[in-house]
Amino acid sequence: MSSPFTWREVAATEGRVVAPDERLPWVQTGFMGVQHVIAMFGATVLAPILMGFSPNIAILMSGIGTLIFFLITGGKVPSYLGSSFAFIGVVIAASGYAGKGPNANIAVALGGIVACGVVYIVIGAIVQAVGTGWIERFMPPVVTGAVVAVIGLNLANVPIKNMAAGNFDAWMQALTFLCVGLVAVFTRGMVQRLLILVGLILATIVYAVLTNGMGLGKPVDLSGIAAAAWFGLPAFTAPVFTANAMLLIAPVAIILVAENLGHLKAVTAMTGRNLDGYMGRAFIGDGIATVVSGAAGGTGVTTYAENIGVMAATRIYSTAVFVVAAVIALVLGFSPKFGALIQAIPLPVMGGVSIVVFGLIAVAGAKIWVDNKVDFSQNKNLIVAAITLIVGTGDFTLKFGDFALGGIGTATFGAIILYALLGRTKN
């Protein structure tokens, strides 16, 4: 068996698709890794903040988790693992988190996250043993396409409502996604491949000129960078296992399966390579990464749609890029100064980039429909897709006692159940 760290070097020819087992020269691969770190950073930091977890540990465990996933899948599946938003509701319910500052009851939530990872590993082992047919019967392209699209659409509210405090910030978001669009369309070569990173830098420069130079908005604050230490160990926390928290959080594994399945289908559609044979290993890798993260004080992790959006835009699917991104995340996790540098990026600029990336995720879901020739003249496909999109985008939430199933969860389970019920007929 060949080493997962073996890639064939290819030139950055314009328009060329770089396959998972290929890579650009290392310098260019390094820049692509930086771009993927930026793409995942906002959400990977935001999720732990919303749960009262340490962002530094979340960044560190995202890097470790990505390397675990890379090794378990033999370096064949291009994916980055970051903090999962699917855990937020159940973690808050299990820990009684008030929404501000560190979570005083984090250990109990961590026990539930570890339990969720174990369930996820078991599902992956079953898939690895018996194949993916039983999952695909429940989750055909019309379902997976809708779930992937919903992941992007459900997140749309984050940059639009939470990352623009006023009119000036909203205009800066618009300027940012315009910069990314201009880079994507009017540049060539590696500049075009780095459209997210280059667009972000251009928008940040313009933002600094308008704020620091002309006093139009909140200035870019670099004081945190100067004050932060170059190296520092994050505060790890051990999990505590309680039946209530484990029963509440463990079912999130089903949502993670749906996310991972949708992401694998999206990558398969984009690369033209069938990754079904790696699905069980992908679930196991994600599950082990979640167990390791929860055991150290981090959030549950999942394959990141944000980074799939970057791959869709750049057409670079090399797994070498994700190894580089994971190593950078490890450095960030142990270096408050590097973390402060990324956090100094103006929130409206990060919001504008998020709009682009989340939109690309939604389009990746639609691409699954197109590539699999989903027939929307059939009412069952039409109804499943229509209801799933609105339920997920509107964040339709159902509660079962203390357990709350948010928009992505209700959309995922709803799509599976609807298709199972409506798929009994041929029309």
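User: Which residue just after H2 takes a positive phi?
Analyst: Gly74, at about 65 degrees. Keep in mind that this is a predicted model.

User: And H2 itself, how many residues does it have and how far does it reach?
Analyst: Helix H2 covers residues 55-72, which is 18 residues. From first C-alpha to last it reaches 25 Å, close to the 26 Å expected at 1.5 Å a residue.

User: Which residues of H2 are buried?
Analyst: The buried residues are Ile57, Ala58, Ile59, Leu60, Met61, Ser62, Gly63, Gly65, Thr66, Ile68, Phe69 and Phe70.

User: What residue takes a positive phi just after H18?
Analyst: Lys373, with a phi of about 50 degrees. Helix H18 has 25 residues and reaches 36 Å between its end C-alphas, close to the 36 Å expected at 1.5 Å a residue.

User: How far apart are Lys367 and Asp371 in the helix?
Analyst: Four residues, about one turn of H18. An α-helix has 3.6 residues a turn, so residues three or four places apart point the same way.

User: Which residue does Arg8 meet in a salt bridge?
Analyst: Glu22, at 2.2 Å from N to O. The pair links distant parts of the chain, with Arg8 in strand E1 (residues 8-9) and Glu22 in strand E2 (residues 22-23), 14 residues apart.

User: Why does Glu22 count as buried?
Analyst: Because its relative accessibility is 5%, and the cut-off for buried is under 20%.

User: What about Arg23, which residue does that bridge to?
Analyst: Arg23 forms a salt bridge with Glu9, the closest N and O atoms being 3.1 Å apart. Arg23 lies in strand E2 and Glu9 in strand E1, so this pair ties together parts that are 14 residues apart in sequence.

User: Buried or exposed, that pair?
Analyst: Arg23 is buried, with a relative accessible area of 11%. Glu9 is partly exposed, at 47%.

User: Moving to the inside. How many residues are in the largest nonpolar core?
Analyst: It has 102 residues. Those with the most contacts inside it are Phe53, Phe87, Val91, Val143, Ile196, Ile249 and Phe283. Helix H13 (residues 252-271) gives the largest share, 11 residues. A second, separate core of six residues includes Val10, Leu24, Ile316 and Val321.

User: Back to Val143. What is it in contact with?
Analyst: Leaving aside neighbours within four places in sequence, Val143 is in contact with Phe138, Val384, Ala415, Ile416 and Tyr419.

User: Last topic, the surface. What makes up the nonpolar patch?
Analyst: Trp230, Phe231, Leu233, Val327, Val331, Phe338 and Leu341 make a nonpolar surface patch of about 750 Å². Helix H16 (319-334) and helix H17 (336-343) are the elements that give two or more residues to the patch.

Notes: Residues are numbered from 1 along each chain as its sequence is written. This is a predicted model: local features need pLDDT of at least 70, side-chain atom pairs count only at pLDDT 80 or more; totals for chains, interfaces and linings use all residues. Side-chain values use heavy atoms; hydrogens and water are left out. Patches are made of residues with over 30% relative accessible area and no salt bridge: like charges are joined within 9 Å, nonpolar side chains (Val, Leu, Ile, Met, Phe, Trp, Tyr) within 5 Å. Accessible areas come from the Shrake-Rupley method with a 1.4 Å probe; for residues, only the protein chains shown count as cover. A salt bridge is a side-chain nitrogen of Lys or Arg within 4 Å of a carboxyl oxygen of Asp or Glu. A nonpolar core is a set of buried Ala, Val, Leu, Ile, Met, Phe, Trp, Tyr and Cys residues joined through side-chain atoms within 4.5 Å. Buried means under 20% relative accessible area, exposed over 50%, partly exposed in between (1.4 Å probe, protein chains only). Contact means heavy atoms within 4.5 Å. The expected span of a helix is 1.5 Å times one less than its number of residues.
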